[in-house]
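Please look through the structure below with its overall form in mind before turning to its details. The paragraphs after it are meant to be read alongside the coordinates.

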Amino acid sequence: MRAVVLEQQQQPVTPTTLPDPVPRPNQLLLRVSACAVCRTDLHLRDAEIPATKLPVVLGHQIVGRTDDGRRVGVPWLGWTDGTCRYCRGGRENLCEHGRFTGRDIDGGFAELTVADERFCLPLPDGPPDDQLAPLLCGGLIGFRALTLAGDAPRLGLYGFGSAAHQIAQVAIFQGRKVFAFTRPGDLRTQEFAKQLGATWAGGSDERPPEPLDAAIIFASAGELVPNALKVLAPGGTVVCAGIHMSDIPSFPYEDLYHERTIRSVANLTRDDGYELLALAPEVPIRTTITTYPLEQTEQALADLRAGRFEGTAVVVP
Ligand SMILES: [Zn+2]
Ligand SMILES: [Zn+2]
C-alpha cells in the first residue's frame, strides 16, 4: 500500500510503499478515504512529544470502509486494557496501558489501516468522508474540553483552528456566547470566527467586552494560561485541551483566587465519541477543510505549523 511514514522525528514525513496490514483478532481492515491532520501529528513530527514507535504512520482522525462497505471512524484512543482502575472507573481516557492511533499503532496517512473494532466509532449518515474526518479528534477532544468547561454561558476559545471552529458551533447550539482569541493581528481568522457565530473575536492579548465563565485553550502557548485567567469571572475555569504546551509563566495568586480553576484534558473516552457523533447532525457541525493528496502530507503539516488555512487539513489517499 501507499503510505506516508515518519522515520525520525524532526525529519519530513515521506511517501513510501509498505506491506498491506493484516488485521489481528478484533481488528478491522479499513480502506482509508480521509484522514484529518491534528496538531498532535505536528508535535510528533517536530519532537515536541515523544514518539513511542518509529517508523510510524501518523494520523488519528480516520474515516475508512470495511470490505463489506461499512463506514467507520477511527479516533486517537486505539486500545485500552479494560482492567486498570481508570478503565473500571469510567475514565478509559487515562488508561494506564492505553495505546493511541498514529503513535503506538500505525495510523491513517495510508491507503489501508487496521483498527480495533471495539474502538471504532459509528459515523452519522450524510456528510462526505473528508468533512467528517475532523470530528474524530478536533471535534471529540474539543467536545470533552467543552464538557469539562462546565455550564459556562460566556465561553472563550484560544486558538481558533480545527477543534475551535467545530466546538464554537456546538457551544452556540447549546446557547452559549463564544469569544474567539487568535494570534494578535490575525484578522482573517477573527473574521472566520465571526462568520461561525462568535459574539466577539480578537487577539489573545486583548480583553473581551465582558468577563468569561470558562476559556478553552487549544493553542500550545503556555503564556495564554495567565492571559485567560485574567479575563475569567470568579468561579471560572481554564481548560487546556492540547497534548503539549510550552511552560506556563508565573502569575499573581489573585488571578487564580475566587475559585478559578486551571485543568487539562487528556485523550477521549468512547462515550465522548458516541455523544458528539450523535449530536453533530443536530447542530449541525459544518467543518471547513483543505484537502491534500497523500503524497503532500508533509505540506499539510507545514501549512498547519504556519497557520496557512482556516479549519482543518484533511489528507485524502
Ligand atoms: Zn488529535
Ligand atoms: Zn485501563
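What follows goes from the whole chain to its domains, its core and some local features.

This is a predicted model, in which local features need pLDDT of at least 70 and side-chain atom pairs count only at pLDDT 80 or more, while totals for chains, interfaces and linings use all residues. Residues are numbered from 1 along each chain as its sequence is written, and chains are lettered from A and ligands numbered from 1 in the order in which they are written.

The protein has ten helices and 17 strands, where helices (H or I, at least four residues) and strands (E, at least two) are DSSP runs numbered from the N terminus. Along the principal axes, the C-alpha trace spans about 55 × 40 × 40 Å. Of the 317 residues, 48% count as buried, a residue being buried if 20 or more other C-beta atoms, placed from the backbone, lie within 10 Å of its own, exposed if 12 or fewer, and partly exposed in between. Among the contacts with a separation of 6 or more, 69% are between residues 24 or more positions apart, a contact being a pair of residues whose C-beta atoms, placed from the backbone, lie within 7 Å.

The domain assignment gives domain 1 (2-136 + 268-316) and domain 2 (139-264), with bounds that come from an automatic or database domain assignment. The C-alpha centres of the two domains lie 25 Å apart, and 23 residues of domain 1 are in contact with 17 residues of domain 2. On the side of domain 1 that touches domain 2, α1 (39-45) and α9 each supply at least two residues, and the largest share, four residues, comes from α9. That side divides into eleven nonpolar, seven polar and five charged residues, where Ala, Val, Leu, Ile, Met, Phe, Trp, Tyr, Cys and Pro count as nonpolar, Asp, Glu, Lys and Arg as charged, and the others, Gly among them, as polar.

The largest nonpolar core has 91 residues, and those with the most contacts inside it are Leu-157, Ala-180, Ile-216 and Ile-217; such a core is a set of buried Ala, Val, Leu, Ile, Met, Phe, Trp, Tyr and Cys residues joined through C-beta atoms within 7 Å. Helix α5 (residues 162-173) gives the largest share of this core, six residues, and the core draws at least three residues from each of domain 1 and domain 2. Leaving aside neighbours within four places in sequence, Ala-180 has contacts that include Leu-157, Phe-160, Ala-164 and Ala-168.

Helix α4 (residues 138-148) is mostly covered, with nine of its eleven residues buried. Its buried residues, among them Phe-143 and Arg-144, pack against α5, β13 (212-217), β14 (232-240), α9 (270-279) and β17 (312-316). Gly-150, which follows α4, has a positive phi near 80 degrees.

In another part of the chain, four bridges join the antiparallel strands β4 (residues 62-65) and β5 (residues 71-74), two strands being paired if DSSP finds at least two bridges between them. β4 and β5 form a hairpin with five residues between them, and Gly-69 in the turn has a positive phi of about 90 degrees. Within this pair, Val-63 stands opposite Gly-73. Two bridges also join β5 to β9 (residues 121-122), again antiparallel, and there Gly-73 stands opposite Leu-121.

Which backbone features remain to be examined? Most residues other than glycine have a negative phi, and most peptide bonds are trans. A cis peptide bond joins Leu-54 and Pro-55, with omega about -5 degrees, and Pro-55 is found in the loop between α1 and β4. The bond from Val-283 to Pro-284 is also cis, with omega near -20 degrees. Asn-26, in the loop between β2 (14-17) and β3 (27-36), has a positive phi of about 75 degrees and counts as exposed because 12 other C-beta atoms lie within 10 Å. Asn-267, in the loop between β15 (261-264) and α9, has a positive phi near 60 degrees, but is buried, with 21 other C-beta atoms within 10 Å.

Methods:
Two residues are in contact if their C-beta atoms, placed from the backbone, lie within 7 Å.
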